[in-house]
Amino acid sequence: MSVRTLPLLFLNLGGEMLYILDQRLRAQSIPGEKARKDEWTDVDRKRVMNDIITTMFNKKFMEELFKPQELYSKKALRTVYDRLAHASIMRLNQASMDKLYDLMTMAFKYQVLLCPRPKDILLVTFNHLDAIKDFIQDAPGILNQVDETFRQLIETYTSLSAGEFQLIRQTLLIFFQDMHIRVSIFLKDKVQNSNGRFVLPISGPVPWGTEVPGLIRMFNHNGDEVKRTEFTTDGNYVTPQREGSFDLYGDRVLKLGTNMYSVSRPVETHMSGSSKNLASHTKENIVPNPLAKEELNFLARLLGGLENKTPGGSETGFRLNLFTTDEEEEHAALSRPEELSYKVVTIEATQEPGRREELSRILGEMEVAEPRPASSGKGEDLLALMDGL
Amino acid sequence: PPTLSATRPGVSPRPLGHSPAPLGRSPLPTSAIPPRGGRRPRLHGNAGHAPPPSLPPPRSARHRPGGAPSWLRHHAATPSPWLRPTPSERGRSGDGGGGWAAGVPGGWPRGRVPGAAPSPRRMYRKEKSIQLKSSSAALYNNLSVLRLPGRQLACFGTVHGPSVNLVSAAADGLGFSHRQLQAKEGGMAVSTSILTQAAWCVLPSRVLLVLTSQKGIQMYESDGSIMVYWHALDVTEHPPGQAVFARGIAAAGGRFICVGTSSGLVLVFDIPHKGTNITVSEVLEQHHDAITDIAAELGRAPDGAGDLVTADDSGTLCVWSTGEEFTLLSKIPAFGCTCSSVKLWNGVVAAGYGNGQIRLYEAATGLLRAEVNAHARWIYALDLAPETGKLLSGAEDSFVHVWKLSRNPETNDVEVEHCHAECVTDTQVCGVRFCDPEGHSFAVTGYDLSEIIRYGQA
């Protein structure tokens with residue numbers, strides 16, 4: 001519904017993805033001298049993070065992202081993250097990619113649901129970006145890109161009204177509807193119930209701008225207060241201390257969107273007994289969206305995947321496993337319930353060292369010199385751009 | 001009416017939410033709903049205290065459609081606090097321990113103090129829920145109820161994505177029939193448009209079911225069987241970068257149906273007694289922000305008070321008098337918060353806002369009469385029972401409150417008092433409706449909830 005939702009969805013999901021990958025890479029990393037050829041080192045980890053972040057904040061990609069548009073379908077969005085995760089030497093099997101995506105989406109769903117005000121979704125986004133900047137603090141080139149996106153966020157969103165933010169939030173909640181995958185870190189922290197639903201506290205600070213419930217004031221025809229009563233409920237709310245900062249730098253106050261993973265806390269999901277209303281899940285895939293194919297191709301290409309002509313796909317990269325053992329990963333792939341399959345076409349992407357050059361080449365080709373026909377709609381723009389590839 | 005017991009200090013409290021059975025009355029009727037996973041309810045009889053239960057094992061058997069009729073299925077949503085008995089209540093609750101244990105979140109281990117004193121007598125108690133084919137979307141005013149007293153039926157409607165869940169429930173609670181309608185484009189193609197709202201509009205001569213979506217406005221016969229009218233939204237009216245949708249539905253003036261749009265327009269449709277010859281009689285252009293809700297006078301308006309109120313995203317309210325030509329009577333300015341839901345009764349405007357406040361205004365003058373710090377989060381729905389002046393509010397904070405509006409006959413001041421609160425555990429409420437004009441019973445639904453929870457007189 002809101003045509004300004006996609007950048008927030010993409011950046012927050014991307015942020016969660018980076019938290020998880022960072023945690024897994026650290027957990028599986030071996031000190032440099034001791035590492036075998038196929039084991040992760042700290043250097044590898046930093047390289048993977050840098051590669052992914054660079055791709056994520058690609059200028060052209062961001063430009064396209066920030067254009068007013070409806071949200072992509074779940075399938076289209078999932079493919080974008082597939083590409084993104086493979087923008088480096090790291091490789092993920094289907095099962096690990098599925099798990100990664102489950103974790104990302106449930107984490108952001110949680111954050112959206114628990115945001116005190118709809119506008120606080122922006123603070124959540126800033127938390128993710130602050131953390132991303134931390135990941136790449138020794139790479140000033142990429143830092144610039146991220147700051148640029150930060151500024152664009154501020155420009156686009158700080159002027160929106162509360163009502164428009166609520167529409168964005170409602171659009172996101174529709175996207176996440178009926179997803180109840182259980183995440184063990186949420187279960188342990190008691191923020192998620194065993195049936196997959198999140199715990200909504202009825203205590204704590206009220207949102208900024210809201211009063212603690214209880215007071216009723218009545219006024220006469222002159223506008224004077226003539227009566228005051230109070231009511232009580234089982235809620236236990238308090239006044240908030242301060243508002244988070246919406247500037248480029250500042251204390252966000254809100255903890256949602258900060259990194260909740262650490263090396264010692266495993267990231268597990270439970271596949272059994274997930275979302276109930278799967279009918280609504282699959283219905284979305286049945287209805288054909290004429291533009292979906294273009295979106296898929298366009299973004300996927302932008303991240304340098306589909307047109308790869310090199311044959312064979314020899315595994316020269318490092319494989320990251322989101323499970324504790326390889327056997328677990330295999331088992332997860334086999335036992336994933338049919339209805340939770342993302343139905344993503346697996347593409348044999350190779351991992352040439354010159355990957356980044358590939359992306360630049362594609363991007364370079366997109367700087368089309370000929371004048372484009374006046375576009376009559378979004379589809380026209382995309383097709384025209386694709387013709388130029 | 002009694003208010004709830006005060007918050008217990010030092011504890012993050014959860015409402016007890018049980019309905020007391022005062023001495024001398026029979027205990028709660030045993031629920032016929034079998035629990036999930038094949039566990040039978042343990043009926044405690046009058047055993048008195050029972051030890052707090054341990055955490056239930058995760059459910060292995062998932063609910064699947066087909067098989068038992070929908071009303072027999074144990075609902076998948078987090079059970080409401082009504083199903084979570086205190087140890088002192090266990091003896092009286094017919095549902096016993098097994099019934100609630102299946103899939104209950106955390107329960108006791110969350111640090112609650114069990115064995116607390118039972119609440120004073122409550123006005124309402126939870127009744128059997130109605131299962132839905134799909135969960136409710138987090139949209140304003142996402143529950144509509146149509147009562148058909150002659151046929152002892154009540155119909156409920158909530159939207160989810162491109163479709164609306166319609167359920168007809170017999171008064172004896174034994175029969176349910178479901179229907180789902182899809183958002184349509186002008187032609188035969190099924191669109192991917194999202195529905196924003198569904199509401200029954202009761203006019204003297206007929207009842208129409210109105211659906212608003214990103215593409216336009218659909219009107220059906222009240223049972224959803226036949227579409228009688230389709231109005232496509234004019235996309236060019238909206239600047240790029242702005243969402244396009246219709247939202248806000250009300251029957252007005254015994255003859256019109258008013259529907260709002262995201263550009264702030266209110267379309268007035270002239271509805272004939274029967275047939276499909278529906279026309280746009282007028283377009284009201286007083287709002288500059290997306291319309292959120294529209295309400296017609298439910299009681300009797302004093303002179304000059306108007307009979308229609310429209311609300312928008314900025315929080316501005318407009319009061320109108322309906323007719324061949326609609327006249328703007330007053331404009332109540334915004335104070336910085338969205339008004340998501342509005343009701344009009346006996347010349348009093350009741351408005352629910354994004355900061356959790358309910359405000360009452362004189363419709364004729366726009367004067368503020370009462371300010372209630374009602375909810376801790378964004379209010380999503382209001383409803384009003386015209387025979388008694390009871391007001392119902394539901395919000396993202398999981399709470400549903402019942403209030404009583406009245407007018408002091410001497411001073412003419414508007415009074416409001418709190419009557420009752422329900423906490424729908426772990427649910428952001430998005431729709432609330434009274435099920436009868438006196439307000440003896442009401443229905444609630446929430447985001448991601450595949451049921452309509454009903455409450456009746458205790």
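1. Start with strand β8 of chain B (residues 207–213): 6 of its 7 residues are buried, so the rest of the structure largely encloses this strand. Buried here means under 20% relative accessible area, with exposed over 50% and partly exposed in between (1.4 Å probe, protein chains only). Helices (H or I, at least four residues) and strands (E, at least two) are DSSP runs, numbered from the N terminus.

2. A word on the ground rules. This is a predicted model, in which local features need pLDDT of at least 70 and side-chain atom pairs count only at pLDDT 80 or more, while totals for chains, interfaces and linings use all residues. Residues are numbered from 1 along each chain as its sequence is written, chains are lettered from A and ligands numbered from 1 in the order in which they are written, and side-chain values use heavy atoms, leaving out hydrogens and water.

3. Back to β8(B) and its partners. Strand β7 of chain B (residues 195–202) pairs with β8(B) in the antiparallel sense over 7 bridges; two strands count as paired if DSSP finds at least two bridges between them. If you want a spot to look at, A198(B) has L211(B) of β8(B) as its bridge partner. The link from β7(B) to β8(B) is a hairpin of 4 residues.

4. β8(B) also pairs with strand β9 of chain B (residues 216–221), again antiparallel, through 5 bridges. Here T212(B) has I217(B) in β9(B) as its bridge partner. A hairpin with 2 residues takes the chain from β8(B) to β9(B).

5. Further along chain B there is an open sheet of 4 strands, in the order β11-β12-β13-β14, with antiparallel pairing. β11 (246–252) and β14 (279–284) of chain B are the edges and have a single partner strand each, so one side of each lacks a neighbour in the sheet. Neighbouring strands of this sheet are turned by 25° against each other on average, direction ignored. The axes behind that angle are lines fitted to C-alpha atoms (for helices, over the stretch in contact), and angles run from 0 to 180 degrees between N-to-C directions.

6. Inside that sheet, β12 (residues 256–261) and β13 (residues 266–270) of chain B run antiparallel and are joined by 5 bridges. F256(B) sits opposite D270(B) of β13(B).

7. Chain B has another open sheet, with 4 antiparallel strands in the order β15-β16-β17-β18. Its edge strands are β15 (291–296) and β18 (327–332) of chain B, each pairing on one side only. From one strand to the next, the twist averages 20°. β16 (residues 308–312) and β17 (residues 317–321) of chain B pair antiparallel over 4 bridges, and A311(B) faces L317(B) in β17(B).

8. Over to chain A, where helix α4 (residues 74–85) is worth a look. Its 12 residues should span 16 Å at 1.5 Å a residue, and the end C-alpha atoms are 16 Å apart, which agrees; the expected span is 1.5 Å times one less than the number of residues. Of those 12 residues, 11 are buried, so α4(A) is largely enclosed by the rest of the structure. Among the buried ones are L77(A), V80(A), Y81(A) and L84(A), but also K74(A), R78(A), D82(A) and R83(A).

9. For chain A as a whole, I note 14 helices and 8 strands, with 57% of the 389 residues buried. Among contacts (heavy atoms within 4.5 Å) between residues at least 6 apart in sequence, 79% join residues at least 24 apart.
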